[in-house]
Amino acid sequence: MADQQTAGRGRTAPAGFDRRLLPPMMLGSVLNPINSTIIAVTLIPIGDALGAPPARTAWLVSALYLATALGQPVVGRLIDIFGPRRLFLVSTSLVGIAGVIGTLAPDLGVLIASRVLLGFGTCAGYPAAMALLRSESRRTGRDSPGGVLTALAVANQTIAVIGPLLGGLLVGLGGWRATFALNVPLAAAAVLLGLLRLPKETGTGGFPDAGTEDSPAAGTERSPAPTTTLPPGRAGRLAARLDLPGMALFAAMLVSLLLFLMNLHLRDWYLLAIAAAASAAFGARELRAATPFIDLRVLGGNTPLLITYGRALVAYVVSYSFLYGFTQWTEEGFGLSPFHAGLVQIPMFLVAIGVSIVSGRREGVRAKLLVGGLGQVAACLVMLTLTGAGPVWMLILVAVIFGLPQGLNNLALQNSVYFQADPERTASSAGLLRTFAYVGSMVASSTTAASFGQRAGTGGMHHLAWIMLGAAVLYLLLTVFDRALGRALPPAQAN
């Protein structure tokens, strides 16, 4: 339709995806994974330098995911309303500020605060990329940008390869503070690319035109989105579209839940009570709101999307328990240096990249999820056989096996959300995918800290592996018995 309208105005829209958008999309989307993977090899050096055991340095992981889990759907909703450019520029600027704070941090508390700011700063990259994909799909009339989705997945996997190795190298050259300083040039590059490449939103006074999506790339036009009746006046219009009470209740629910997950203990039961109360109030609010932050009516009726979110949560429990727990054990339990611990991770990410490239050309989703689930189970079983005196090749074997689900699951989950989500809420739906994934990451961080305690020993690693195995089996069952999976995607995407 967008092509027909453009032709009717005497202009010819480009037939393919605007490749100028790829650099800022990719760089923005990888800011979070590069910080996730780099920190894995710096936890032990930071703990040694600041006198903090693994149970306390785990907050460096949890803090980023707490902020990102909260910020992703909020920023995603703002992108759905106002377009990706402004949110991308503001968020990536925060990444640079967080890098400066982390580099100069005098103690663990300030370092954790910098990770919180870093989490909020990396919120816009992925939802912005998904929103741009949707707008380009409308403009070109091509509803399946499989190549671009694969490119995003491969970019994230590539950065994941570089992360542990680069982290170990930076620790060796300039200490753990160098891993925080890296965010300054990365943020500067992202802001510059955003200014030069991302399309400017239409409208006046910083607000998009009523009833339109974010602006397309320069020289193109787009069909209007469904209009929404809003109160007169800029302030009333903004408040109605943002649903600030809904956002506040969502934040209260998520923060209290994640704080409980960070340190699982019955004495913190009140956090679960707060989460439950906030959840009930949030549900009541969203069902009444004219323009809800999260449209529970639509989301509740979209069973395939809900199952995808649950599958993402469980998958990230497994993958991030391995990323953080296994890496800490290779340093402290097996005796590797941070640099060599990063090297051990490389086979996993190389396999993941290869799997993403090959499988990205295939349109099936169910097969990717099934094979990925089996790969997780196999890797966890091998982890249970590892000892501190075993051969190095066993570590590499585990990493290679984990590469299979790492490459398949991320791509399949990303593709599922793109096709299952309400097109008008693509960015916020993508943000919610990351939120569920980060809840899984928080569970992984908490279980890793509980398994290791004061030292990342072999016994703790085996305890963690049993928890990972349980999560991997649950993931597989969610996939095997998901009858809606084949119906959730267009026919070409189902199997």
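I started with F436 in this predicted model: at 29% relative accessibility, F436 counts as partly exposed. I then looked up Y309, which is buried, with a relative accessible area of 1%.

Next I went through the aromatic pairs. I noted a count of 8 aromatic pairs. I placed Y309 in helix α15 (residues 303-332) and F436 in helix α19 (residues 426-452), so the pair ties together parts that are 127 residues apart in sequence.

I turned to a second pair, F326 and W329. I found both residues in helix α15, 3 residues apart, about one turn of the helix. I also checked their accessibility: F326 and W329 are both buried.

Which aromatic cluster takes in F326 and W329? I listed one cluster formed by F322, F326, W329, F334 and F402.

My last entry concerns helix α3. I marked its span as residues 43-50 and found L43, I44, P45, I46 and G47 buried there. After α3 comes G51, for which I noted a positive phi, near 65°.

Definitions and conventions:
Residues numbered from 1 in each chain as written. Predicted model: local features only at pLDDT ≥ 70, side-chain atom pairs only at ≥ 80, totals over all residues. Heavy atoms only, no water. Buried < 20%, exposed > 50% of the residue type's maximum accessible area, 1.4 Å probe, protein only. Helix = DSSP H or I, 4+ residues; strand = E, 2+ residues; numbered from the N terminus. Phe/Tyr/Trp six-rings, centres within 6.5 Å; stacked < 30°, edge-to-face > 60°.
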